[in-house]
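Welcome, and please open the model in your viewer. We will walk through a few selections together, one stop at a time.

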Amino acid sequence: MTAAPGWAGADQIAVREAVEAYVHGGPGDGATVRANVAAWESLPLRPRVLRDVTHVDTAIDLLGLRAPVPLLAAPWAGHQLVHPDGEVASAKGLASAGLPMVQSAGSSVPVADVAAHSGPFWQQVYVPDDRTLIHGFLDRAVAAGATALVLTVDHPAVGNTLPFRAGLARLAPSDGRPRVAANFPDVAPGTPLGTATDLGPRDVERLAARTGLPVVVKGVLRADDARTAVAAGAAAVVVSNHGGRQLAGSVTTAHALPEVVDAVGGRVPVLVDGGIRRGEDVVRALALGARAVLAGRPVARALADGGADGVERWARETIEDVRRALVLCGAPTLDSVGRDLVGDFLGSPV
Ligand code: FNR
(Lines give C-alpha, C1' and ligand atoms only; values in the text may rest on other atoms or scores of the structure.)
Protein backbone atom coordinates (compact mmCIF):
# COMPACT_ATOMS: atom_id res chain seq x y z
CA MET A 1 0.00 0.00 0.00
CA THR A 2 1.53 3.32 -0.98
CA ALA A 3 1.04 6.40 1.12
CA ALA A 4 -1.94 8.46 0.15
CA PRO A 5 -1.27 11.66 -1.71
CA GLY A 6 -2.20 14.86 0.05
CA TRP A 7 -0.55 14.24 3.38
CA ALA A 8 1.60 17.33 2.94
CA GLY A 9 4.29 17.65 5.53
CA ALA A 10 3.57 14.26 7.01
CA ASP A 11 6.18 11.57 7.31
CA GLN A 12 5.04 9.46 4.38
CA ILE A 13 6.54 6.22 5.65
CA ALA A 14 4.95 6.67 9.07
CA VAL A 15 1.61 7.39 7.40
CA ARG A 16 1.91 4.29 5.26
CA GLU A 17 2.66 2.12 8.28
CA ALA A 18 -0.21 3.66 10.23
CA VAL A 19 -2.65 3.10 7.35
CA GLU A 20 -1.47 -0.49 7.10
CA ALA A 21 -1.95 -1.04 10.82
CA TYR A 22 -5.39 0.59 10.92
CA VAL A 23 -6.79 -1.16 7.88
CA HIS A 24 -5.15 -4.57 8.13
CA GLY A 25 -4.78 -4.92 11.90
CA GLY A 26 -6.71 -7.47 13.88
CA PRO A 27 -6.79 -8.66 17.48
CA GLY A 28 -3.85 -10.67 18.70
CA ASP A 29 -1.51 -11.26 15.80
CA GLY A 30 -4.28 -10.85 13.24
CA ALA A 31 -4.76 -14.59 12.80
CA THR A 32 -8.53 -14.25 12.33
CA VAL A 33 -8.03 -11.71 9.56
CA ARG A 34 -5.84 -14.22 7.74
CA ALA A 35 -8.09 -17.17 8.59
CA ASN A 36 -11.03 -15.57 6.80
CA VAL A 37 -8.99 -15.39 3.58
CA ALA A 38 -7.56 -18.88 4.00
CA ALA A 39 -11.01 -20.41 4.59
CA TRP A 40 -12.31 -19.30 1.20
CA GLU A 41 -9.09 -20.51 -0.44
CA SER A 42 -9.55 -23.93 1.16
CA LEU A 43 -12.94 -24.46 -0.48
CA PRO A 44 -12.32 -26.25 -3.81
CA LEU A 45 -14.35 -25.13 -6.80
CA ARG A 46 -15.92 -27.83 -8.97
CA PRO A 47 -16.29 -26.16 -12.37
CA ARG A 48 -18.87 -27.45 -14.82
CA VAL A 49 -17.92 -27.81 -18.51
CA LEU A 50 -19.80 -28.43 -21.76
CA ARG A 51 -22.39 -25.84 -20.69
CA ASP A 52 -23.52 -22.87 -22.70
CA VAL A 53 -21.97 -19.81 -21.09
CA THR A 54 -22.87 -17.37 -23.86
CA HIS A 55 -25.38 -15.33 -21.91
CA VAL A 56 -23.92 -13.94 -18.72
CA ASP A 57 -26.43 -12.38 -16.29
CA THR A 58 -24.99 -11.50 -12.92
CA ALA A 59 -26.92 -8.39 -11.82
CA ILE A 60 -28.78 -8.27 -8.51
CA ASP A 61 -31.49 -6.11 -6.95
CA LEU A 62 -31.41 -6.04 -3.19
CA LEU A 63 -33.36 -3.73 -0.86
CA GLY A 64 -33.14 -0.73 -3.15
CA LEU A 65 -29.66 -1.45 -4.50
CA ARG A 66 -28.76 -2.66 -7.96
CA ALA A 67 -25.34 -4.05 -8.78
CA PRO A 68 -23.74 -5.62 -11.87
CA VAL A 69 -22.47 -8.50 -9.71
CA PRO A 70 -23.53 -9.54 -6.18
CA LEU A 71 -20.91 -7.37 -4.48
CA LEU A 72 -21.22 -4.34 -2.20
CA ALA A 73 -18.58 -2.16 -0.55
CA ALA A 74 -18.61 -2.93 3.18
CA PRO A 75 -18.94 -0.13 5.73
CA TRP A 76 -15.63 0.92 7.27
CA ALA A 77 -14.97 3.88 9.49
CA GLY A 78 -12.82 6.85 8.66
CA HIS A 79 -11.99 6.89 4.96
CA GLN A 80 -10.12 10.18 5.52
CA LEU A 81 -7.73 8.25 7.70
CA VAL A 82 -6.34 6.70 4.53
CA HIS A 83 -7.07 9.40 1.93
CA PRO A 84 -7.84 13.12 2.30
CA ASP A 85 -10.89 12.89 0.00
CA GLY A 86 -12.34 10.18 2.23
CA GLU A 87 -15.80 8.74 1.60
CA VAL A 88 -16.48 11.20 -1.23
CA ALA A 89 -13.69 9.59 -3.26
CA SER A 90 -14.91 6.09 -2.43
CA ALA A 91 -18.48 7.00 -3.37
CA LYS A 92 -17.41 8.52 -6.69
CA GLY A 93 -15.21 5.56 -7.62
CA LEU A 94 -17.84 2.98 -6.72
CA ALA A 95 -20.67 4.87 -8.41
CA SER A 96 -18.66 5.18 -11.65
CA ALA A 97 -18.38 1.40 -11.76
CA GLY A 98 -21.97 0.84 -10.58
CA LEU A 99 -21.13 -0.85 -7.28
CA PRO A 100 -23.20 0.11 -4.23
CA MET A 101 -21.70 1.37 -1.00
CA VAL A 102 -22.66 0.70 2.57
CA GLN A 103 -21.81 3.88 4.44
CA SER A 104 -20.29 3.55 7.91
CA ALA A 105 -21.76 5.41 10.87
CA GLY A 106 -18.13 6.31 11.61
CA SER A 107 -17.77 8.26 8.40
CA SER A 108 -15.24 11.10 8.06
CA VAL A 109 -17.77 12.97 5.92
CA PRO A 110 -21.46 13.55 6.78
CA VAL A 111 -23.89 11.12 5.17
CA ALA A 112 -25.56 13.74 2.96
CA ASP A 113 -22.22 14.84 1.48
CA VAL A 114 -21.31 11.25 0.63
CA ALA A 115 -24.78 10.54 -0.75
CA ALA A 116 -24.42 13.48 -3.13
CA HIS A 117 -21.70 11.50 -4.92
CA SER A 118 -22.96 7.94 -4.54
CA GLY A 119 -25.65 5.84 -6.10
CA PRO A 120 -28.31 4.29 -3.86
CA PHE A 121 -26.73 3.24 -0.57
CA TRP A 122 -27.33 1.46 2.73
CA GLN A 123 -26.47 3.15 6.02
CA GLN A 124 -24.69 1.21 8.76
CA VAL A 125 -25.48 2.10 12.40
CA TYR A 126 -24.28 1.27 15.88
CA VAL A 127 -26.94 1.60 18.59
CA PRO A 128 -25.49 3.16 21.78
CA ASP A 129 -26.80 2.91 25.38
CA ASP A 130 -28.66 6.18 24.94
CA ARG A 131 -30.74 5.34 21.87
CA THR A 132 -31.73 8.97 21.38
CA LEU A 133 -28.14 9.96 20.53
CA ILE A 134 -28.47 8.52 17.02
CA HIS A 135 -31.92 9.93 16.23
CA GLY A 136 -30.59 13.02 14.44
CA PHE A 137 -28.15 10.88 12.45
CA LEU A 138 -30.89 8.41 11.47
CA ASP A 139 -33.10 11.26 10.28
CA ARG A 140 -30.24 12.62 8.15
CA ALA A 141 -29.52 9.18 6.68
CA VAL A 142 -33.18 8.75 5.71
CA ALA A 143 -33.30 12.26 4.23
CA ALA A 144 -30.10 11.54 2.26
CA GLY A 145 -31.80 8.55 0.63
CA ALA A 146 -30.55 5.43 2.41
CA THR A 147 -32.60 2.48 1.16
CA ALA A 148 -31.84 0.26 4.19
CA LEU A 149 -30.11 0.37 7.56
CA VAL A 150 -27.36 -2.08 8.47
CA LEU A 151 -27.33 -2.72 12.22
CA THR A 152 -23.91 -3.98 13.29
CA VAL A 153 -24.37 -6.35 16.23
CA ASP A 154 -20.86 -7.72 16.85
CA HIS A 155 -19.48 -4.69 18.66
CA PRO A 156 -20.46 -4.87 22.38
CA ALA A 157 -16.83 -3.97 23.05
CA VAL A 158 -14.04 -2.84 20.76
CA GLY A 159 -11.78 -5.75 19.74
CA ASN A 160 -8.37 -5.87 21.37
CA THR A 161 -6.67 -4.54 18.29
CA LEU A 162 -3.53 -2.78 19.37
CA PRO A 163 -2.07 -2.44 15.87
CA PHE A 164 -5.01 -0.57 14.48
CA ARG A 165 -5.47 1.53 17.59
CA ALA A 166 -1.86 2.56 17.28
CA GLY A 167 -2.48 3.24 13.60
CA LEU A 168 -5.54 5.31 14.41
CA ALA A 169 -3.66 7.37 16.95
CA ARG A 170 -0.91 8.13 14.46
CA LEU A 171 -3.43 9.12 11.79
CA ALA A 172 -5.32 11.48 14.10
CA PRO A 173 -5.42 14.98 12.67
CA SER A 174 -3.30 17.59 14.39
CA ASP A 175 -6.38 19.45 15.65
CA GLY A 176 -7.39 16.28 17.53
CA ARG A 177 -10.83 16.20 15.88
CA PRO A 178 -11.69 12.54 15.23
CA ARG A 179 -12.04 11.63 11.57
CA VAL A 180 -14.83 9.16 12.40
CA ALA A 181 -17.46 11.45 13.97
CA ALA A 182 -18.74 13.58 11.10
CA ASN A 183 -22.22 12.06 11.43
CA PHE A 184 -22.62 13.24 15.01
CA PRO A 185 -22.17 17.02 15.09
CA ASP A 186 -25.11 17.14 17.50
CA VAL A 187 -23.38 14.88 20.06
CA ALA A 188 -20.83 16.38 22.47
CA PRO A 189 -17.27 15.19 21.69
CA GLY A 190 -16.27 12.29 23.91
CA THR A 191 -19.85 11.05 24.43
CA PRO A 192 -19.81 7.22 24.25
CA LEU A 193 -21.31 6.12 20.95
CA GLY A 194 -20.29 2.47 21.16
CA THR A 195 -22.79 -0.36 21.00
CA ALA A 196 -25.24 -0.71 23.90
CA THR A 197 -24.39 -3.69 26.08
CA ASP A 198 -28.10 -4.52 26.18
CA LEU A 199 -28.51 -4.42 22.40
CA GLY A 200 -31.27 -6.88 21.56
CA PRO A 201 -33.87 -7.98 19.03
CA ARG A 202 -36.14 -5.08 20.00
CA ASP A 203 -33.56 -2.68 18.57
CA VAL A 204 -34.20 -4.13 15.13
CA GLU A 205 -37.90 -3.30 15.47
CA ARG A 206 -37.17 0.14 16.94
CA LEU A 207 -34.86 1.09 14.08
CA ALA A 208 -37.37 -0.05 11.49
CA ALA A 209 -40.20 1.80 13.23
CA ARG A 210 -38.17 4.99 13.64
CA THR A 211 -36.94 5.16 10.02
CA GLY A 212 -39.42 3.13 7.98
CA LEU A 213 -36.43 1.39 6.40
CA PRO A 214 -35.65 -2.32 6.16
CA VAL A 215 -33.01 -3.33 8.72
CA VAL A 216 -30.14 -5.64 7.76
CA VAL A 217 -28.46 -7.35 10.74
CA LYS A 218 -24.65 -7.56 10.30
CA GLY A 219 -22.39 -9.72 12.41
CA VAL A 220 -24.22 -13.05 12.75
CA LEU A 221 -22.19 -16.29 12.88
CA ARG A 222 -24.66 -18.82 14.34
CA ALA A 223 -27.93 -20.48 13.38
CA ASP A 224 -29.71 -19.50 16.63
CA ASP A 225 -28.76 -15.83 16.28
CA ALA A 226 -29.83 -15.85 12.64
CA ARG A 227 -33.26 -17.15 13.66
CA THR A 228 -33.50 -14.46 16.36
CA ALA A 229 -32.63 -11.75 13.85
CA VAL A 230 -35.20 -12.96 11.34
CA ALA A 231 -37.88 -13.27 14.05
CA ALA A 232 -37.09 -9.67 15.08
CA GLY A 233 -37.88 -8.52 11.56
CA ALA A 234 -34.44 -8.39 9.91
CA ALA A 235 -34.80 -7.85 6.17
CA ALA A 236 -31.45 -9.57 5.56
CA VAL A 237 -28.63 -11.07 7.59
CA VAL A 238 -24.89 -10.53 7.04
CA VAL A 239 -22.61 -13.36 8.15
CA SER A 240 -19.60 -11.40 9.40
CA ASN A 241 -16.90 -11.44 12.06
CA HIS A 242 -16.13 -7.77 11.36
CA GLY A 243 -13.25 -8.73 9.11
CA GLY A 244 -11.61 -10.59 12.00
CA ARG A 245 -11.24 -7.32 13.94
CA GLN A 246 -13.42 -8.13 16.95
CA LEU A 247 -13.10 -11.55 18.65
CA ALA A 248 -9.76 -13.25 18.04
CA GLY A 249 -10.30 -16.88 17.11
CA SER A 250 -13.87 -16.39 15.95
CA VAL A 251 -15.15 -18.90 13.39
CA THR A 252 -14.38 -17.85 9.82
CA THR A 253 -17.27 -16.54 7.80
CA ALA A 254 -16.88 -19.20 5.11
CA HIS A 255 -17.35 -21.88 7.77
CA ALA A 256 -20.27 -20.08 9.45
CA LEU A 257 -22.19 -19.33 6.26
CA PRO A 258 -23.81 -22.74 5.57
CA GLU A 259 -25.24 -22.98 9.09
CA VAL A 260 -26.80 -19.53 8.83
CA VAL A 261 -28.16 -20.16 5.33
CA ASP A 262 -29.82 -23.37 6.53
CA ALA A 263 -31.30 -21.65 9.61
CA VAL A 264 -32.70 -18.74 7.62
CA GLY A 265 -34.22 -21.17 5.13
CA GLY A 266 -34.72 -18.62 2.39
CA ARG A 267 -36.95 -16.31 4.47
CA VAL A 268 -34.57 -13.36 3.92
CA PRO A 269 -31.37 -12.94 1.89
CA VAL A 270 -28.10 -13.94 3.58
CA LEU A 271 -24.98 -11.93 2.76
CA VAL A 272 -21.41 -12.59 3.86
CA ASP A 273 -18.15 -10.69 4.27
CA GLY A 274 -14.64 -11.28 5.57
CA GLY A 275 -11.67 -12.28 3.45
CA ILE A 276 -13.41 -12.07 0.07
CA ARG A 277 -10.62 -11.05 -2.28
CA ARG A 278 -11.28 -12.54 -5.72
CA GLY A 279 -14.03 -13.44 -8.14
CA GLU A 280 -13.58 -17.08 -7.17
CA ASP A 281 -14.35 -16.22 -3.54
CA VAL A 282 -17.61 -14.61 -4.62
CA VAL A 283 -18.57 -17.79 -6.49
CA ARG A 284 -17.71 -19.86 -3.40
CA ALA A 285 -19.93 -17.66 -1.22
CA LEU A 286 -22.82 -17.81 -3.68
CA ALA A 287 -22.43 -21.59 -3.92
CA LEU A 288 -22.78 -21.84 -0.13
CA GLY A 289 -26.04 -19.89 -0.34
CA ALA A 290 -25.12 -16.22 0.00
CA ARG A 291 -27.18 -13.80 -2.08
CA ALA A 292 -24.33 -11.27 -2.16
CA VAL A 293 -20.98 -10.46 -0.56
CA LEU A 294 -19.29 -7.37 0.84
CA ALA A 295 -15.62 -6.39 0.63
CA GLY A 296 -13.93 -4.08 3.13
CA ARG A 297 -10.14 -3.95 3.04
CA PRO A 298 -9.80 -4.19 -0.75
CA VAL A 299 -11.69 -0.89 -1.05
CA ALA A 300 -9.57 0.68 1.68
CA ARG A 301 -6.41 -0.37 -0.11
CA ALA A 302 -7.66 0.96 -3.45
CA LEU A 303 -8.66 4.27 -1.86
CA ALA A 304 -5.32 4.67 -0.11
CA ASP A 305 -3.42 3.85 -3.27
CA GLY A 306 -5.38 5.83 -5.81
CA GLY A 307 -8.30 7.85 -4.42
CA ALA A 308 -11.51 7.82 -6.48
CA ASP A 309 -9.70 6.53 -9.58
CA GLY A 310 -8.13 3.72 -7.58
CA VAL A 311 -11.51 2.66 -6.19
CA GLU A 312 -13.11 2.78 -9.64
CA ARG A 313 -10.29 0.69 -11.10
CA TRP A 314 -10.61 -1.89 -8.32
CA ALA A 315 -14.38 -2.03 -8.76
CA ARG A 316 -14.24 -2.51 -12.54
CA GLU A 317 -11.54 -5.18 -12.32
CA THR A 318 -13.41 -7.01 -9.58
CA ILE A 319 -16.71 -6.98 -11.48
CA GLU A 320 -14.92 -8.55 -14.44
CA ASP A 321 -13.19 -11.04 -12.14
CA VAL A 322 -16.54 -12.18 -10.71
CA ARG A 323 -18.09 -12.57 -14.14
CA ARG A 324 -15.06 -14.47 -15.43
CA ALA A 325 -15.10 -16.81 -12.44
CA LEU A 326 -18.80 -17.57 -12.99
CA VAL A 327 -18.20 -18.33 -16.67
CA LEU A 328 -15.21 -20.53 -15.84
CA CYS A 329 -17.44 -22.40 -13.38
CA GLY A 330 -20.03 -23.00 -16.10
CA ALA A 331 -22.57 -20.92 -14.17
CA PRO A 332 -23.05 -17.72 -16.16
CA THR A 333 -26.27 -16.70 -14.38
CA LEU A 334 -26.87 -16.33 -10.66
CA ASP A 335 -29.80 -18.75 -10.87
CA SER A 336 -27.47 -21.44 -12.13
CA VAL A 337 -25.11 -21.24 -9.14
CA GLY A 338 -25.57 -24.16 -6.76
CA ARG A 339 -23.88 -25.96 -3.93
CA ASP A 340 -22.48 -28.48 -6.42
CA LEU A 341 -19.93 -25.83 -7.46
CA VAL A 342 -17.90 -26.36 -4.28
CA GLY A 343 -16.48 -29.43 -2.59
CA ASP A 344 -15.67 -29.87 1.10
CA PHE A 345 -13.30 -27.57 2.96
CA LEU A 346 -9.74 -28.86 2.78
CA GLY A 347 -7.93 -29.46 6.04
CA SER A 348 -9.33 -29.88 9.52
CA PRO A 349 -13.05 -29.62 10.24
CA VAL A 350 -14.37 -26.46 11.92
C1 FNR B 1 -14.43 -2.23 9.37
N2 FNR B 1 -15.69 -2.83 9.56
C3 FNR B 1 -16.73 -2.05 10.03
N4 FNR B 1 -17.99 -2.59 10.11
C5 FNR B 1 -19.03 -1.84 10.50
O6 FNR B 1 -20.15 -2.35 10.57
N7 FNR B 1 -18.85 -0.51 10.83
C8 FNR B 1 -17.63 0.09 10.78
O9 FNR B 1 -17.50 1.29 11.04
C10 FNR B 1 -16.51 -0.70 10.40
N11 FNR B 1 -15.25 -0.19 10.37
C12 FNR B 1 -14.21 -0.90 9.81
C13 FNR B 1 -12.96 -0.29 9.63
C14 FNR B 1 -11.96 -0.98 8.95
C15 FNR B 1 -10.63 -0.30 8.69
C16 FNR B 1 -12.19 -2.29 8.48
C17 FNR B 1 -11.12 -3.05 7.71
C18 FNR B 1 -13.40 -2.91 8.71
C19 FNR B 1 -15.94 -4.21 9.11
C20 FNR B 1 -16.36 -4.25 7.65
O21 FNR B 1 -17.66 -3.75 7.47
C22 FNR B 1 -16.39 -5.69 7.10
O23 FNR B 1 -17.15 -6.51 7.95
C24 FNR B 1 -14.98 -6.28 6.93
O25 FNR B 1 -14.07 -5.32 6.49
C26 FNR B 1 -15.03 -7.45 5.95
O27 FNR B 1 -13.81 -8.09 5.88
P28 FNR B 1 -12.68 -7.77 4.76
O29 FNR B 1 -13.36 -7.68 3.43
O30 FNR B 1 -12.06 -6.48 5.17
O31 FNR B 1 -11.75 -8.93 4.90
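**Stop one: Leu303**

Select Leu303, which is buried, with 29 other C-beta atoms within 10 Å. Here, a residue is buried if 20 or more other C-beta atoms, placed from the backbone, lie within 10 Å of its own. Before moving on, note that this is a predicted model, in which local features need pLDDT of at least 70, side-chain atom pairs count only at pLDDT 80 or more, and totals for chains, interfaces and linings use all residues. Residues are numbered from 1 along each chain as its sequence is written.

Leu303 sits in helix α11; helices are DSSP runs (H or I, at least four residues), as are strands (E, at least two), numbered from the N terminus. Next, show its contacts (C-beta atoms, placed from the backbone, within 7 Å). Leaving aside neighbours within four places in sequence, Leu303 touches His79, Val82, His83, Ala89, Ser90, Gly310 and Val311.

**Stop two: helix α9**

Colour the buried residues of α9: Thr253, Ala254, Ala256, Leu257, Val260, Val261, Ala263 and Val264. Looking down the axis of α9, you will find these buried residues within an arc of 165 degrees, so they line one face of the helix; the arc is that of the directions from the helix axis to the C-beta atoms. Among the elements covering them are α2 (31-41), β7 (215-220) and α10 (279-287). Step just past α9 to Gly265, which has a positive phi of about 55 degrees.

Note on methods. Buried ≥ 20, exposed ≤ 12 C-beta atoms within 10 Å, placed from the backbone. Contact = placed C-beta atoms within 7 Å.
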